[in-house]
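Reader: I am new to this structure. Could you take me through how to read it, one feature at a time?

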Amino acid sequence: MNQPKTKKILIVNQSAPYSSGNAKESLDLALAAGTFEQDVSILFTGDACYQLLAAQKPKEIDSKNLSQMLKVLPIYGVESLFVDEQSLLNRNIRHIDNDLKITKISASESRELFQSAATVFRF
Amino acid sequence: MVFSILVLGAPFNSQSAYSAFRFVEAALESKHTIYRVFFYQDGIHNSSAIATPPQDEFDLYQGWQDLQAGYSLDFVTCIAAAARRGLLNESEAKRHNKDNSNMAKQFDLSGLGQLVEATALSDQVITFGQ
């Protein structure tokens, strides 16, 4: 593989954690992009807010715990995690997992995030 | 312009795979470069060797295979997404102790690093969604 240059990649996550493969497969892409030393940000919006809840028990439905995987992102160099504040409010989500280092942002701040990204992947 | 294409939709199930195909054709006809076409999520089904659409319908599977062969394009199917959805080439079938493989030879199986590399080395990545 050629040594890739660094690009600003934004992964927009708008899916609930266990209703489809989107959450898992967007996370896999984030880990790969982090491993290849790209400048990766993840924005959680819409139903993706449910990925951020603490004390998920996906074992009950024979699924892997995705929130545990979110916590290892910094090890792979993915440290810019954002959540759309309005999406949390709309769903009355007041507490997200304390172990996640994630920044709540406004609609105008997420617009800036989109504008500054060279490539956006949406899941 | 150097494009890479991300295909997330399966043929028939969604229009996105066909739109991606037409985009690649149009880009090549306009003398643009297609650095790589990466098939991820349900898009991996485009690389099936055995899907058989009715004869009076456009065969998108064959379309991709001809396009790859005609322009020597780099088609990469995500190995993890493909394995969990039941798409294996010969060596993967052997590795997982399966009796059969079902992937067209015009597609390479590889990891998401290939999508990341394509993103870094292309001017634009165009996603055709689910």
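Reader: In which sense do β3 (residues 75-78) of chain B and β4(B) pair, and over how many bridges?

Author: Start with the general idea. Strands of a sheet pair through backbone hydrogen bonds, either parallel or antiparallel. Here β3(B) and β4(B) pair in the parallel sense, over 3 bridges. Two strands count as paired if DSSP finds at least two bridges between them. Strands are DSSP runs of E with at least two residues, helices are runs of H or I with at least four, and both are numbered from the N terminus.
This is a predicted model: local features need pLDDT of at least 70, side-chain atom pairs count only at pLDDT 80 or more, and totals for chains, interfaces and linings use all residues. Residues are numbered from 1 along each chain as its sequence is written, while chains are lettered from A and ligands numbered from 1 in the order in which they are written.

Reader: Which way do the residues of β3(B) point?

Author: In a regular strand the side chains alternate between the two faces of the sheet. In β3(B), B:Phe75 and B:Thr77 point one way, B:Val76 and B:Cys78 the other, and all are buried. Buried means that 20 or more other C-beta atoms lie within 10 Å of the residue's own, with C-beta atoms placed from the backbone. Over chain B, buried residues make up 43% of the 130 residues.

Reader: How does the chain cross from β2(B) to β3(B)?

Author: Through helix α2 (residues 60-71) of chain B, in a right-handed β-α-β crossover. Right-handed means that, with the strands pointing away from the viewer, the path from the first strand over the helix to the second runs clockwise.

Reader: What is the strand order in the sheet of chain B?

Author: The order is β4-β3-β2-β1-β5, in an open sheet of 5 strands with parallel pairing. β4 (108-110) and β5 (124-128) of chain B stand at the edges with a single partner strand each, so one side of each has no neighbour in the sheet. The twist averages 25° from one strand to the next. Helix α5 (residues 113-121) of chain B lies across β1 (2-7), β2 (33-39), β3, β4 and β5 of chain B, at about 155° to β2(B). Such angles run from 0 to 180 degrees between N-to-C directions, with axes fitted to C-alpha atoms, for helices over the stretch in contact.

Reader: How many helices and strands are there in chain B?

Author: Chain B has 5 helices and 5 strands. From the N terminus they run β-α-β-α-β-α-α-β-α-β.

Reader: What sheet does chain A have?

Author: Chain A has an open sheet of 5 strands, ordered β4-β3-β2-β1-β5, with parallel pairing. Its edge strands are β4 (103-105) and β5 of chain A. Strand β1 (residues 8-13) of chain A runs parallel to β5(A), joined by 4 bridges. A:Val12 stands opposite A:Arg122 in β5(A).

Reader: How many residues of each chain are in contact with the other?

Author: 17 residues of chain A touch 15 residues of chain B. Contact means C-beta atoms, placed from the backbone, within 7 Å. On the chain A side, α1 (22-35) and β5 (119-122) of chain A each give two or more residues. α1(A) gives the most, with 5 residues.

Key. Two residues are in contact if their C-beta atoms, placed from the backbone, lie within 7 Å. A residue is buried if 20 or more other C-beta atoms lie within 10 Å of its own, exposed if 12 or fewer, and partly exposed in between; C-beta atoms are placed from the backbone.
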